[in-house]
Amino acid sequence: MRRTGLTDLAAFLSIAEHRSFRRAAAALDVSPSAISHALRGLEERVGVRLLNRTTRSLALTAEGERLVAGVGPAMRSIDETIAELGESAKALHGRIRINAMQRGAVVLAGFAAEFLRQHPGVEIEISSETAFVDIVEKGFDAGVRLREAVPRDMVALPIAREISFAVVAAPSFLTSHGTPQTPAEIIRGQCIRFRMASGALLRWEFERRGQATIIEPNGAITVDDLQVAAEAAMRGGGFAWAPYDVVKEDIKAGRLMQVLAEWSPSFPGLYLYYPRQRHLPRVFSAFVEYIRRSAGQGTAPTAHATSATAVKSSV
């Protein structure tokens, strides 16, 4: 005997509930003829009559009553399980891994905290490091870097405003060594240099009225963290070049003084970037959409087309 399908059983149970072929068909959104065909096929397969039908009435036979009692609860359980699965699918679950430059990790953590409050089933791992990595090769879903450091084949989404840089030094250091008036004077001073993950030393960039100047700082102190550079400057170690956000509280408190403020450049802000794919994982797609809304972007992210810059990726 051919196995009885759930469709035929659903048709039979609908007839038993509504006591009408027409109402049963409407409940299942099928035609009355389809309902009749399903019942006829079911009766042929089980080998018994399940309904007594006249032109005026419809009643279950003893075998029909037995079938309703036997399969009715099971069918309801199936329907409930499917409904529960549908509700469960609406909740987000999964893990997101993001590689971020140090300043980017701080910004991203704020987005992640709020997103996780709304979606407790999600995990977000943020790996903060100076070295630029291939996020695809290392198994990350996304990365965070300054715009110029985003690979050209990635989709990029802005998450933070422009970043300004500042040259700072301790007040006592300026008293002893003087306050430079031009970037050229910095070269003759004692600078705290920054070594990037590539091994190269970070060059300091300045701009005023469209005139750009790049210097290679000299100095006896070399670090690989700009926060450490600021700390060394506070202790009289020399001039440091760092993002303004890193040193602004120390400037306000008088622990550091900014020099050459009119020469201090700004660079495009932080971007979340990820591979261009037709179908992103659902949990990551939801996180991207959340950041897009939260960052106040009115349009979807677009492909980024500028070249990578090792200097900026280390900041």
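In this structure, a predicted model, K248 and D245 both belong to helix α9 (residues 244-253), where three residues, about one turn of the helix, separate them. Their side chains meet in a salt bridge, with a distance of 3.8 Å from N to O. K248 is partly exposed, at a relative accessible area of 26%, and D245 is likewise partly exposed, at 33%.

Helix α9 also holds E249 and K252, three residues apart, about one turn of the helix. The side chains of E249 and K252 form a salt bridge with an N to O distance of 4.0 Å. E249 counts as partly exposed, at 47% relative accessibility, whereas K252 is exposed, with a relative accessible area of 62%.

R117 forms a salt bridge with E114, and the closest N and O atoms are 2.7 Å apart. R117 counts as exposed, with 59% relative accessibility, while E114 is partly exposed, with a relative accessible area of 28%. In general, side chains of opposite charge can pair when their charged atoms come close. The count for the model comes to ten salt bridges.

| Salt bridge | Helix | N to O distance |
|---|---|---|
| K248 and D245 | α9 | 3.8 Å |
| E249 and K252 | α9 | 4.0 Å |

Not counting residues up to four places away in sequence, V107 touches I159, A160 and L270. V107 and A160 are 53 residues apart along the chain, yet their C-alpha atoms are separated by 7.5 Å.

For F287, the residues in contact are I96, I98, L108, F111, A112, F115 and I124, leaving aside its neighbours within four places in sequence.

Two helices remain to be considered. Two packed helices are described by the angle between their axes and the distance between the axes. The axes of helix α1 (residues 6-18) and helix α3 (residues 32-46) come within 9 Å and cross at roughly 110°. Angles of 65 to 115 degrees count as roughly perpendicular, and α1 is therefore roughly perpendicular to α3. On the α1 side, the residues that meet α3 are D8, L9, A11, F12 and I15. Their counterparts in α3 are I35, A38, L39, L42 and R45. The residues of this contact of α1 with α3 divide into eight nonpolar, no polar and two charged.

Terms used
Residues are numbered from 1 along each chain as its sequence is written. This is a predicted model: local features need pLDDT of at least 70, side-chain atom pairs count only at pLDDT 80 or more; totals for chains, interfaces and linings use all residues. Side-chain values use heavy atoms; hydrogens and water are left out. Buried means under 20% relative accessible area, exposed over 50%, partly exposed in between (1.4 Å probe, protein chains only). Helices (H or I, at least four residues) and strands (E, at least two) are DSSP runs, numbered from the N terminus. Contact means heavy atoms within 4.5 Å. Axes are lines fitted to C-alpha atoms, for helices over the stretch in contact, and angles run from 0 to 180 degrees between N-to-C directions. Angles under 35 degrees count as roughly parallel, over 145 as roughly antiparallel, 65 to 115 as roughly perpendicular and the rest as oblique. Ala, Val, Leu, Ile, Met, Phe, Trp, Tyr, Cys and Pro count as nonpolar, Asp, Glu, Lys and Arg as charged, and the others, Gly among them, as polar.
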